[in-house]
Each structure stands twice: as structure tokens, then as C-alpha cells.
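Student: I would like a close look at a single part of this model. Please take one residue and then show what lies around it.

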Amino acid sequence: MASGPRLQRRTWRAAVARAAVLIVGFVCMVAFAVVLARATLVPSPASVRLTHTNLHPGDSIRAYLAQPHWRDAVKQVGGNVLLGMPFGVLLPVLFPRTRGLVRVVLMTAFVMLTVEAAQGLLVTGRAFDIDDVILNSLGSFAGYLLLGRRLGRALHPRRHHWWQRAPAEVARDPDGSKPHLPAIPRAVRKPVR
């Protein structure tokens with residue numbers, strides 16, 4: 001019987017399941033891209049007087065939290081966190097090389113910096129806000145920890161890095177129970193004067 005995660009097995013059922021997961025992931029990523037574009041790149045001429053560029057981390061978050069109605073703060077902060085969560089879930093599924101917490105968060109930050117720059121430069125009534133990038137990256141962090149890591153590991157085999165490979169000299173006991181290193185001759189010591 002095959003061992004390991006079901007989606008990584010070499011059976012036709014596992015191959016069909018892998019293909020289905022990848023297709024669903026791709027469709028979700030396209031749908032997410034459409035939602036992201038609508039949420040961030042649609043002009044808002046009525047907001048021109050209210051928008052301003054924020055290059056100081058924390059300024060907008062403090063302003064969100066200082067609003068008189070807590071629902072507005074939750075809507076602003078929570079909306080930006082939720083907007084980043086699909087990155088944390090879908091990147092490890094669709095792009096195995098981006099698997100890993102740091103890579104997912106950095107990729108999200110790069111994409112969101114690009115979106116924010118486009119907002120600030122090209123879209124009427126929108127401005128660049130570094131806090132949005134921070135909150136989106138926090139959302140991808142949460143999405144990766146909640147679901148993305150498990151899905152990525154279930155779908156794609158683990159990578160083996162050069163520092164994780166066993167050296168060629170490692171041998172096993174005759175019964176195959178545990179690895180051991182061959183005996184290393186002692187160095188010849190010179191007398192100290």
C-alpha cells in the first residue's frame with residue numbers, strides 16, 4: 001500500500017485529485033484577482049479630498065482604530081487583512097516554489113506594493129498606503145498558517161535542501177535500525193613546549 005499524503009501518491013485517482021485541486025485553486029486565484037482589482041483599482045472621484053499618501057507605518061492603522069464607530073475600524077483593518085488571506089492559501093497550492101511562510105509573505109508584500117503604487121499613481125481618489133501593505137501581508141501570514149501550509153504540503157512533495165541531505169558517508173547498522181558515521185582516526189597531537 002502506498003504511503004505519504006494521498007494527493008502525492010502515484011495513482012490515477014491521486015493524479016485526478018491533484019489536477020482538480022489545481023484547477024479549483026487557479027479558478028479561485030483568477031476570481032480573487034478580479035475582486036482585488038475591483039476593490040483597489042476602481043476610481044473614486046468623490047474621495048479625492050479625503051485621500052492622502054501614507055509612507056509612515058502605523059499612521060493609518062492608528063487612524064482606523066481612533067474612529068468613533070468600531071465597525072468602521074473593523075471594516076478597514078479586517079478588510080485589508082481578509083484581502084491578503086487568499087495569497088496565504090493559494091500561493092503554496094499553485095506555486096510550490098513560493099511555499100514557506102517567508103516566501104508567501106514577501107510575495108504578498110511585493111504584489112500589494114505594486115497594487116498600492118498603481119493606486120497612488122494611476123487611480124483617481126486612491127492613494128498609496130503602506131499600512132494596507134502591512135495588513136495584507138498579515139492576512140497572508142494568517143491564511144498560510146490556517147490553511148495554505150497544509151494544502152501546499154498535501155499537494156506538493158517537500159523540498160530537500162542541500163543542508164538537509166544526508167552525507168554519503170552515513171551508513172546504517174546491519175539490521176538497518178539507525179544511521180552511524182564511520183570511525184574517524186584520531187589526529188596526531190604534537191607535544192606542546
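Student: Which residues does Asn 80 touch, not counting residues up to four places away in sequence?

Tutor: This is a predicted model, in which local features need pLDDT of at least 70, side-chain atom pairs count only at pLDDT 80 or more, and totals for chains, interfaces and linings use all residues. Residues are numbered from 1 along each chain as its sequence is written, and side-chain values use heavy atoms, with hydrogens and water left out. Setting aside residues up to four places away in sequence, Asn 80 touches Tyr 64, Asp 132, Leu 135 and Asn 136; contact means heavy atoms within 4.5 Å. Asn 80 sits in helix H3, residues 70-94 (helices are DSSP runs of H or I with at least four residues, numbered from the N terminus). Its relative accessible area is 11%, so Asn 80 counts as buried (buried is under 20%, exposed over 50%, partly exposed in between, with a 1.4 Å probe and protein chains only).

The largest nonpolar core has 16 residues, and Met 29, Phe 32, Leu 36, Phe 87 and Met 112 have the most contacts inside it. Such a core is a set of buried Ala, Val, Leu, Ile, Met, Phe, Trp, Tyr and Cys residues joined through side-chain atoms within 4.5 Å. Two or more residues of this core come from each of H1, H3, helix H4 (101-122) and helix H5 (130-155). H3 gives the largest share, 5 residues. Apart from neighbours within four places in sequence, Met 29 contacts Leu 90, Leu 91 and Leu 94.

For contrast, take Val 34, which is found in helix H1 (residues 12-40). Val 34 counts as partly exposed because its relative accessibility is 47%.
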